[in-house]
Every structure is written in C-alpha cells, then in structure tokens.
Amino acid sequence: MKPFTYERAESPAAAAGAAMRHPGAKFVAGGTNLLDLMKLEIEEPMHLIDVNGLQLDKIEPTPEGGLRIGALVRNTDLAADERVRRDYGVLSRALVAGASGQLRNMATTAGNLLQRTRCPYFYDTNQPCNKRLPGSGCSAVDGASRQLAIIGVSEACIATHPSDMAVALRVLDASVETILPDGTTRTIPIADFHRLPGDTPHLETVLQPGELITAVTLPKPLGGTHIYHKVRDRASYAFALVSIAAVIQRDGSGRVAVGGVAHKPWRVEAAEAELPRGAKAVTERLLADAKPTKDNAFKVKLVERVLGAVLAEAKGA
Amino acid sequence: MKFETPATTNPIDQLKVVGQPLDRVDGPLKTTGKAPYAYEQHEAAPNPAYGYVVGAAIGKGRISSMDLGQAKAAPGVLAIITAENAGKLDKGDHNTAKLLGGPEIQHYHQAIAVVVAETFEQARSAAQLVRVKYEAAKGSFDLASVKDSGKKPKEGFGGPPETAVGDFDKAFAAAPVQLDATYTTPDQSHAMIEPHATIAAWEGDKLTIWTSNQMVGWGVGDMAKTLGIQKENVRLISPFIGGGFGGKLFLRADALLAALGARAVKRPVKIALQRALMINNTTHRPATIQRIRLGATKDGQLSAIAHESWSGDLPGGEPETAVSQTRLLYAGANRLTAMRLAELDLPEGNAMRAPGEAPGMMALEIAVDEMAEKLGMDPVEFRILNDTQVDPEKPERPFSQRRLIECLRTGAEKFGWDKRNAKPGQTREGRWLMGMGVAAALRNNLVMKSAARVKLDKSGHITVETDMTDIGTGSYTVIAQTAAETLGVSLDKVTVRLGDSTFPVSCGSGGQWGGNSSSSGVYAACMKLRAAITLKTGLSATEAIFADGKVSAGGRSVSLAEAAGDKGLEVEDTMEYGDLDKKFQQSTFGAHYVEVAVDSFTGETRVRRMLAVCAAGRILNPKTARSQVIGAMTMGVGAALMEELKVDKKRGFFVNHDLASYEVPVHADIPHQEVIFLDETDPISSPLKAKGVGELGICGVGAAVANAIYNATGVRVRDYPITLDKLIDQLPAVA
C-alpha cells in the first residue's frame, strides 16, 4: 500500500471539489473492494476522501412513485427495506445473492456499482493487464478465462463486471444521480453508466473525474414476478458464472438482464420481445454477437438454460 | 518400548478416559483467542521486524538483474535478503525446489527476496519497489502434453513404482466384461486458513523459530541443513497450527527467510506468507491422469485389474502415488499397477491429505461403479463380492483387520440405499434430478516411532512433553486421555505440552499416523513411569493398580503425589515397532454414501446427505475423530465439485491463487453429515489398538459424489471437478 492522505468530506459538493483538487484521489465508503486493491497496489490513490459522513443513507419515495436510494445505503439495509422487498424483489434477491453478510453490512449502493472486476490477471500484478496497466496487454484472452466475459468483449479485455446488484438495477431501468466538481448534478441511465471495454478497459463507467454518485433512483414499480437466479460453482460466497435478473409479467412479456457475461450488466431490449417464444429464442438474440473463449463457451448454453429455469419459475409463480 | 507382538489386555482397555467423546482440552484456549499461533508469539519474541516476501514473476528462467536501490531507501527498511547476499544455502531433504531462488527461477512465486522493515506496511510497500528483470525460459506446464515422457519414479512413500501379479494382459483380453477408462484429477491446494508463518530470533549462533509446522523434527533438520548449522543450534516451536493438510509438513520459505532476515537485522523477524503467494510458493497436490482397466466374469468376479497413473513434478520431485489403494482394495488374480512421473515446471507437488489414495480412489471408485453397471450388479454387492481378506499382491499377508463389508452393509442400511433407482436419471424432485452414490474407502495405517517424556510432580500432576503437533486434529486431547488412562488419574490432572523441538522426538502429524503413533509413544513413557512409581513405592509391579490418583497393591495404597515426592519423577521412552506391519497389511476402511440433487436446468450439484461408516481400530475420542471425518468429507466434496488450481499453460503458474478464486466448500455446500464408527480394536496396530482416521474420511468421497451425479443425471464425468459445464450439454433440453 502506498502512503496516502485522507480527509472526511463535509458535503457531496465538497467531496467532488476535493477530488478535483487531488488528481488520483478516490472516494472511500465501505472500502470492501478499494482497500483490498490498495493493499495489493492495484489501486494507488494518493488521497482518500471519506464520504461516509455525507448522510446519503436514506431510502425515500420519489414524486414519480419510485424510490430514491442514497449512495451510502448499505447493501444489507437496501436488501431488507420493506418497499424494496415488496416492489423491487429482484433487487433485494440480487443483493443477498452477493458477497457475504459481513461484506453486505459494509458495502454501499454506489460502491457496489463501482467495484472492479475479479479477473485473476487483474489481481496478479506480475501479469500484463490493460485494465490495471493500460497498454500492457491482456493475459486472460489466451489464459484461464472460465469466469470471464463472452459478449461485448474486445481484444484488450474480456473482464466481467462482478456486481449482482447492478444486474437487477439494469432490469429495473434505474438511474444514477451524481454531482460534479462544479456543483452541477446529472442523472445517468444505468444502461449508459458502465462502459464496454473497447480499447480503454481501464475506463469502466462514464463518470467524469471528481464526479460523485449521490443516489440511485428506481422508477415506479413494474409489478410482475421478480426473479434473480445466480449460478455458481459453490452455493454461496462466489461470483456468478451467469446470473439472470428478470421481471416477468402474467402475459409472458417481461425484462431480462444477464450478469457474469460482460463488462457490464447485459441487456438487449429487442431480445425481450422473444420472451413468449422461450429461452432459446431470447438467448439467440441476447447473445447474437457472443465471442466466448474455449474456457467459457459453456456460458452461452448456460444463459439459455438459466433463462429456461427463470421462465419455468415465473410460470409456476 | 518395542511393539513386536499383538497387544493383549492393557491399561488402555479400561476405557475410563480413552474412547470417551471428550471436549478438546485446548478448546477454551482457542475459543478465547489465548492459543498463540506462530505469528502471535508476541511475548516470546518482542519487538520483531517484519518480512515481506517477493515471489518470482515467471514460471521458469533466470533473473537478469535485480535493483534493490529504491526499496532499500524506502521508509523503515532494515534489510533485503536475496540469494546474492544470503550466504551459502543448501536445500532441505524434503524440499524439491530452493526456498530462496535466484538467479535461476524454478517456479512461479518462488521466493527471490524478503524485505525486512520496521512495520508490516513498510515492508509490503518497499517490496513493490524491488525491480527485477527476467529472462524467461520455455517450460513444461501441461501434464497431458508431457505425460508420455514420464519416467518410472524411484520407490518412495507410496511403495514401488510398478507391481504385477499373474498375467494382466491375457486375463483382461479374455474377460467377458471389460472396462477401460481414463480419469483425471486436477492440481489442488491445501488452502488452510492459517498461512505459513514464522517468527525467527537468533541468540549468538542459536536460532529459535516459532512456526506453523506439522513435523518438528523434519523442520529442525532441514533448517539446519539449509543454513549449514548444527541441528542442536535450531529450536523449533510449533504449539498450535491453523490447519496443515500436508502443506506444513516441510520447512518452507517463511521459516528460512525469517531466519535469514533475523540474522541480518539482529532482532526477531516475523513473516506470514502472503495469501496470494501461498498457492504457487508452497506445495500442492499434483494433478493426475489415471487409466483403469478392469476385467470381470459375467457373474461379477474381477479377474484383471490394472491401474496406471501419470503425474508431474519439478526435476527431483516425486509422483502422486494414485495407484496405492488398487494394490489392496479388491481381489483379482491378474493385476498390474504403474506410476509414471513427468517433469513439469509448475510449483512443486507434494503430500495433501491422503496423498495417493485421495485422488486414486476418486478414479478407482468411479471405475468400480461403471463396472458394476456393465455387469448389471448393485455397486455395493459388486464390491462385497470382490472383497479380500489378504493382500491380493502377497496373499501370505492377511489384513490385520478388514471390515469393509460391514462398513458397506451398515451404510447401505442406515442410508436407505434400497431406495436408490439403479437406472440413472429417473428420480426427480421438482427441477432437481436426485441420485445416490457409494464408494469404498481405504487408507493405509502407518505406525511411526514416537517418543515422549512424562513428569509426575509432588502434587500428583502429570505433564507430558513430546514434539508432536496438533494441527486441529485433537492431539492434545487424545494424548491427555492416554496419559490419564494409563496412570489412573482424571483428565484435569494431565498437562500436555507439544510442538517444541526440545521435547522428545515424536512421529509428527502426517499420513493419519499422528493420533495412534504419538499416543502410543506417550503410552510407552507412562508405562515406564508406572514402573518407576512401583519401584519407588516398593509396590508389586505386577499387582499394582493405578486408579483415582493412587497406586495400590497388596492392600497398600500410595497417592501419586506421595509417590512423586518433593523431587518428582521423570521418565522418557520411545515406542518403536517390530515387523507386524510387514507380516500384516494394516489399513483402515470405510464406506461413503452420498445423495445429490442436480439442477436439471443449470447442472449445479448440491449434496443433500452424506454418511461415512468407518472401521479404523479403536476410536480414541469419538468427538475429535468425528470432527476429522466430517472435515475430510467436506474436503472430499470440494475435490468432487469445485477445487481446481487452474494452470496458465503459457505462463506456467496457478492462476487462481487466492481464496476468492480457489473455491473450497462453504457452509451452504455441506448438508447433514453422519459418521458411524464400527466398534473395533486392532491389536496388531499398537498397544492402543487404534489406527488413523483423519485421512480415511476423504478417501472415496469424491467418487461417491461422482457416482451419485451419474445416478441422478445419467452423465458420467471422469474429469474432476464435476462442474456444471461438464453436465449441461447432456441434461434434458429446456423449453
């Protein structure tokens, strides 16, 4: 870990301003990912801005009938919120499918969106990794890639985004509210929030330097059956091989987003039109441009089968 | 004491203390955080400096340059030790690769430097400033591609490299029912929770290390040899160990580098091997490729059995002895076993819980299931039909005890085996495909020379000292039970002190010999103390009864406190063994029954129920023994379903080198586990009539899971671990 300076921010605007004044600064909230990465010197911020005191920890109704989730709401609290459990079950289920009780007690809503990939080559500082050291190359493309992405990949990077929560937010069409260093605010649709790797896999979101997430808003409830189905090699405490967040209506229409397959939660709205025709039809559209490796080619089939399970469950519900 | 003839009735047979399901005597220390592990010996070695290990960044090659300038100038740095400045170093007898590499690099994450600094954080930070340039060399990293270059290894722990009885080829060719299949097991990691850790301190030319090591004697010897100093100048202290599983049998880099660091900075140095280094820096269970051929008559008698196994290791290394159990488990007149060892440049392979049998049974016991199906026989009955009461390769050697049939029958009844549908893929529970599997378990019982010192003080308190270790197995407890039983005192009158090389040399913890052999050493010393007590009190040695803290004979009773007198009594003895283990084959047996549910959509396997029935001699403590067996069953589930070190065959290292990516079972993976111990004594094994049990529990578990998955799905997977990607292509189509 490199020596760093530290401050506690007084307000969201002050936090964003401080980040601009300290190039290479990082915000820290739960610290469940950042501190690990700092110890491994994968992240080397010179300055940490602690945002835990910013009182962004409320879940409030919005005038549109949705919910506004403060950036600092802990994963445990969000998953347990009565309104979330009632109206956005897919989100609650995605949250409890992730990490462990201890981690969820610390991890925040904004931090969850910003967690880094779990690609093993990203974690091994001896190995080239374009995400960790831009331009150094990608070891995973011809290395061990069973866990890694099958779609939206580039020659520079086949990492996945590890979040479960983000997959649910994508299916719910959530929005990310931010404040910029100049004090202005903006709202970013979740669909646009994470980027595909392209030639710049080190850039993972559209956030500008110093931009701070203040809240995530959910539109009004969709109704329907909410399912989060996560598949992994062990029953708990593992990242998804494939996960599916789905909201399925009684008439068979619905929405589907997939985790564990891409650099961002993967959703193709056009594919959802195929839902009445079943899992195979949806998957063909959803993963039409898939470019898996030899190690992870099974994920294409797995997505179809997990979606089959989801649709069967929705029918039974 | 020498154990040369089968045990007769002796004080252990009273079973007042031995054989009771007692809590661990070290339990309160551990649950209150008062048991000092190696890294926590704060009082023993105050004011330590901290070492941080730099591991090689290539799989094979040379260091072309190493720049320590920036790192040396970093805050708090006291010294940086490399092969260049460490002085002449030899290599330990139990090490394959050097513990401090350079300029030649033998494997990934081989230690090439240790940075010693005032604080851990400073050492870690400075370690990142060590600038190394390498010339990578082409290495062999893929077992499958070098397997055919494998050579016949020399004879080691697992017996001869080849055996043959009768004419296998002819018998196999003539057999009406044949099986010829190849199985693979991957590289696996011990993944114990406590990393390898050491504090080292020098006093003049005398070195003390507080470390986490299963084999105190081996550790002392290899440290002395590596440093080129006298064994008498090395003291190794290892009282508590947070898991070892064979990964801590040897001197490793943490201990050597702490010793070198402490010598350089002239104060204690502590090192805990970083988690990210553990997998490639230390040892692992090597991958195997195993070919099994079975030939049988139509009525199910095995007539031909062949088991060949290929594994790889660094030059000078050893094979995974995966054919061992096949020499013993089933009858059959024509037999062949062979091991081949290829050179690989991956980190060094070595023992992990039940080396040989654990991966060997994973293959053999699938093969037996497959053969039973070909014969249309129940796999339990097929195994029973081919049971043997003698060593099938040397029929003049009977087994000392072999109750495999009873294990299988008891298990079948308790588990409800009769409810299994022999036709696979037939039993459903909603979306789950349900199946049951069985496997036999065999693990040899080794007996090892072991010494102990026993002291009786004037208060009547007993202290036992031996350099035996407790790796979480319950050594403290069974040793205390042995002493209490033999000397006729209650458990609270016994203190056990372990893991210090100044104590008499024990058998150490390995190969499931620890419990029986170390307790037998303590028994020998306690019997010697009894003799000393009767001599001193003038009581008849043949009539003396030791009970309730007193010794009585001829109507006279003397308390042990009184017998001890002001000076107390102290004796030392060693249990040594004659040739009973040559005349008799000593093994432990079991049967594993497993029920699984396989998700018909996703192919995820979840174990529903597990039962192990074990026949392993006298069970010294059913509670600690049960803990050993359920732990081993859990490890077996890991081996069956998820554990695999992923090899980067281009760069030459195990990629998933942390506990997030090397998955072992979590609580949610492990269902109800039941363990039954057959009521058994084996007087051929030791005066305690006990055997090992800690490794028996893993032998066969993987195959029982695999066979249950086959029964559930009809998909036969011969490559471990059985992850969902190996199943989904063959599961029923989804709508």
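Guide: UniProt positions follow the numbering used here, feature names are shortened, and annotations may be inferred rather than shown by experiment. This is a predicted model: local features need pLDDT of at least 70, side-chain atom pairs need 80 or more, and totals for chains, interfaces and linings use all residues. Residues count from 1 along each chain as written, chains are lettered from A and ligands numbered from 1 in written order, and side-chain values use heavy atoms, without hydrogens or water.

Visitor: Which residues of chain A does UniProt list for "domain: FAD-binding PCMH-type"?

Guide: The entry is unreviewed. The span's end C-alpha atoms lie 47 Å apart, and it is 28% helix and 16% strand (DSSP runs numbered from the N terminus: helices H or I, at least four residues; strands E, at least two). UniProt lists residues 1-223.

Visitor: At what angle do helix 12 and helix 13 of chain A cross?

Guide: Helix 12 of chain A covers residues 279-286, and helix 13 of chain A covers 298-316. Their axes (lines fitted to C-alpha atoms over the stretch in contact, with N-to-C angles from 0 to 180 degrees) come within 9 Å. The crossing angle is roughly 135°.

Visitor: What is the radius of gyration of chain B?

Guide: Chain B has 17 helices and 30 strands. The globule rule (2.2 Å times the number of residues to the power 0.38) gives 27 Å for 735 residues, so chain B is as compact as a globular protein of that length. Its radius of gyration, taken over C-alpha atoms, is 27 Å.
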